Amino acid sequence: MKFVIQRVTEASVSVEGEVIGKIGKGFLVLIGIGQSDTKEIADKLVKKLVGLRIFEDENGKTNLALKDVEGELLLISQFTLYANCKKGYRPSFTEAEVPDKANILYEYIIEECKKVIPIVQKGEFGADMKVSLVNDGPFTIVLDSEQL
């Protein structure tokens with residue numbers, strides 16, 4: 001499982017010209033789900049995500065977590081995080097989980113985040129989405145379950 005976390009001042013996602021998710025200060029998270037991923041792996045990444053201390057405190061140190069700053073989450077499914085570009089110029093996505101199983105884990109992640117963070121917005125699984133954001137910093141972190 002892979003999370004690409006971007007600290008934002010605002011972010012939104014649209015489908016067919018309609019905004020379906022919008023947040024202010026918080027994290028935009030692109031979520032890639034691989035074939036070997038489980039709820040236990042999702043739990044580990046969600047715990048790390050909501051505990052990340054990458055917001056500045058009163059001394060300018062990145063010492064505050066999402067809940068400390070009343071931050072919000074925008075969660076977007078992103079199977080292309082599992083692109084394999086080793087051969088040729090056309091990426092292969094065979095390492096990504098099949099859509100039905102990936103969607104179950106994606107929805108599970110959303111529900112787990114809602115238990116900790118009051119405002120959680122999401123994209124539409126499998127849709128052609130347009131994502132807009134203002135990256136704050138810029139500050140981007142990649143969490144990969146293979147590296148935790």
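# Helices, cores and exposed residues

Student: Why are α1 and α2 called oblique to each other?

Tutor: Helix α1 (residues 39-51) and helix α2 (residues 99-114) pack at an angle of about 40°. Angles under 35 degrees count as roughly parallel, over 145 as roughly antiparallel, 65 to 115 as roughly perpendicular and the rest as oblique. The pair is therefore oblique. This is a predicted model, in which local features need pLDDT of at least 70 and side-chain atom pairs count only at pLDDT 80 or more, while totals for chains, interfaces and linings use all residues. Residues are numbered from 1 along each chain as its sequence is written, and side-chain values use heavy atoms, with hydrogens and water left out.

Student: What are the axes, and how far apart do those of α1 and α2 lie?

Tutor: They are lines fitted to C-alpha atoms, for helices over the stretch in contact, and angles run from 0 to 180 degrees between N-to-C directions. The axes of α1 and α2 are 10 Å apart. The crossing of α1 past α2 is right-handed, the term for a near helix turned clockwise from the far one by less than a right angle.

Student: Which residues make the contact between α1 and α2?

Tutor: On α1 they are K39, A42, D43, V46 and L49, and on α2 they are L105, Y108, I109, E112 and C113. Contact means heavy atoms within 4.5 Å. Of these contact residues, seven are nonpolar, three are charged and none is polar.

Student: What makes a set of residues a nonpolar core?

Tutor: The members are buried Ala, Val, Leu, Ile, Met, Phe, Trp, Tyr and Cys residues joined through side-chain atoms within 4.5 Å. Buried means under 20% relative accessible area, exposed over 50%, and partly exposed in between (1.4 Å probe, protein chains only). The largest such core here has 29 residues, and F3, F27, V29, L73, L75 and I109 have the most contacts inside it. Helix α2 gives the most to this core, with seven residues. A separate core has 11 residues, including V8, V15, I23 and M129.

Student: Which residues does F27 touch?

Tutor: Not counting residues up to four places away in sequence, F27 touches I5, Q6, R7, V8, L49, L52, I54, F55, L66, E72, L73 and L74.

Student: Why is E16 called exposed?

Tutor: E16 has 81% relative accessibility, so it counts as exposed. E16 sits in the loop between β1 and β2 (18-23), and its phi is near 50°, a positive value in a residue other than glycine.

Student: What makes E70 exposed?

Tutor: The relative accessible area of E70 is 70%, so it is exposed. Its place is the loop between β5 (62-64) and β6. Phi of E70 is near 55°, again positive in a residue other than glycine.

Student: Why does E56 count as partly exposed?

Tutor: E56 has 49% relative accessibility, so it counts as partly exposed. E56 belongs to strand β4 (residues 55-56). Beyond its neighbours up to four places away in sequence, E56 touches R7, K61, T62 and L64.

Student: Why is T140 also put down as partly exposed?

Tutor: T140 stands at 44% relative accessibility, so that term applies. T140 lies in strand β8. Leaving aside neighbours within four places in sequence, T140 is in contact with V4, I5, Q6 and N135.

Student: What is the omega of the peptide bond from G137 to P138?

Tutor: Omega is near -5°, and the bond is cis. P138 is in strand β8 (residues 129-144).

How values were computed: Helix = DSSP H or I, 4+ residues; strand = E, 2+ residues; numbered from the N terminus. Nonpolar A, V, L, I, M, F, W, Y, C, P; charged D, E, K, R; others polar.
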